[in-house]
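Please look over the sequence and the structure before reading on.

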Amino acid sequence: MEIIIQPDSREASRLAAKIVAGLVREKPHAVLGFATGQTPIELYRYLVEMHRNERLDFSEVTAFNLDEYVGLEPGHPASYHSYMRENLFDRINIRKDRVNIPFGLADDIPTCCRSYEERIHADGGIDLQILGIGADGHLGFNEPSSSLASRTRIKTLTDRTRKDNAAAFGGEDKVPHHVITMGLGTIMDCRTCLLLAFGRKKARAVAQAAEGPLTAMVPASILQMHQRAIFLLDEEAASQLTRTYYYKWVYENKPDWQKY
Ligand code: PGA
C-alpha cells in the first residue's frame, strides 16, 4: 500500500491525472475503471485538459464504471451515465462502444451483473481502477458488511450514503435505495487501485482503511490485501493517520525509477 499525501486536492488530482495519463500513453488500449462522486471531478478536468492540450488519446481505451443506481434512466441527471458523459466521456475521444456502466433499468439484474463481470474478463481485466471512499468506509457502493469476496451485484445503500448523495437528487427521499456495484472481489482483481480522498470528512474512513484492522465493516480496508493500492490524499483526509511522517518520507525519497 502506498500512501501519498499532497498539500491539497488540486495537487493530488494533478498527480492522479499524471498516473492515469502515464498508463494510457504506455498502453493505449488500457482498460480503466472509473468512479463517480465529488472526489474525481478535478482529476477528470485534468484529463480533459491533457486530451485537449497534450493530445492524450483515449481512442483505444476501454472504460468500466464502478456502479449505478437501480431504477434510473441513463439520461436522468443524477445517473452515473449522465455524470460520466458530462465530466469526461463527452469531452475526450473515448469510443462510446468501449464505455461500460452498469444498466440500472435491467429487467434481470443478476444476469446483467454476471455479464458485466464477463465483459471485464473478456477485455483482459481492469488495469487501473479509480476509487473514492465513503465516509463510512465504503468502496464503490460496497457498504459496511459487504462480503470481502463479492462480485458485481445489487446492494442496498445505507441511510448515511443516501444522505451524503442527496444533493444530486434534490433531497434524500429521492435517492434510490438500490444500486448495482462492482464487488470488492471485482475491485481486488484490478491491477492497480488508485484511491482518492479529500477533506476532513474522509479522515476517519481513510485511517481505518489504511491503518485499522481488515474488516467488512470498513470495506476499503480490503485494499490492505491488494498488491498495488495507492491512496492519494490531501492533508485533511490524511489528518487521522498515525504514520504520516513515514509516508511522506517514503514518497519524497523514492528512487527516480519509481517516481510517477
Ligand atoms: P464522494 O463519494 O467522492 O462524493 O465523496 C465517494 C464515495 O462515496 O465513494
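In the second largest pocket, α8 supplies the largest share of the lining, 3 residues. The model is predicted: local features need pLDDT of at least 70 and side-chain atom pairs pLDDT 80 or more, while totals for chains, interfaces and linings use all residues. Residues are numbered from 1 along each chain as its sequence is written, and side-chain values use heavy atoms, without hydrogens and water.

**Second largest pocket**
- A pocket here is an open set of points on a 1 Å grid over the protein atoms alone where a 1.4 Å probe fits, with protein on both sides within 12 Å along at least five of seven lines; lining residues have an atom within 4 Å of a point.
- The space in the second largest pocket is about 220 Å³, a volume being the space filled by probe spheres set on the points.
- β1 (2-6) and α8 (244-252) each contribute at least two lining residues; helices (H or I, at least four residues) and strands (E, at least two) are DSSP runs numbered from the N terminus.
- Among the residues lining the second largest pocket are M1, E2, I3, R228, Y246 and Y247.
- The lining of this pocket divides into 7 nonpolar, 2 polar and 3 charged residues, where Ala, Val, Leu, Ile, Met, Phe, Trp, Tyr, Cys and Pro count as nonpolar, Asp, Glu, Lys and Arg as charged, and the others, Gly among them, as polar.

**Largest pocket**
- The largest pocket holds about 780 Å³ of space; 32 residues line it, and T36, G37, Q38, T39 and N165 are the closest to its centre.
- At least two lining residues come from each of β4 (67-69) and α3 (80-87), and α3 gives the most, with 4 residues.
- By class, 16 residues of the lining of the largest pocket are nonpolar, 11 polar and 5 charged.

**Strand β2 and its partners**
- In β2 (residues 31-34), V31 and G33 on one side and L32 and F34 on the other are all buried, meaning under 20% relative accessible area with a 1.4 Å probe, protein chains only.
- β2 pairs in the parallel sense with β3 (residues 62-65) over 4 bridges; two strands pair if DSSP finds at least two bridges between them.
- L32 has A63 in β3 as its bridge partner.
- β2 also pairs in the parallel sense with β6 (residues 128-131), over 2 bridges, and G33 stands opposite Q129 in β6.

Definitions and conventions
Buried means under 20% relative accessible area, exposed over 50%, partly exposed in between (1.4 Å probe, protein chains only).
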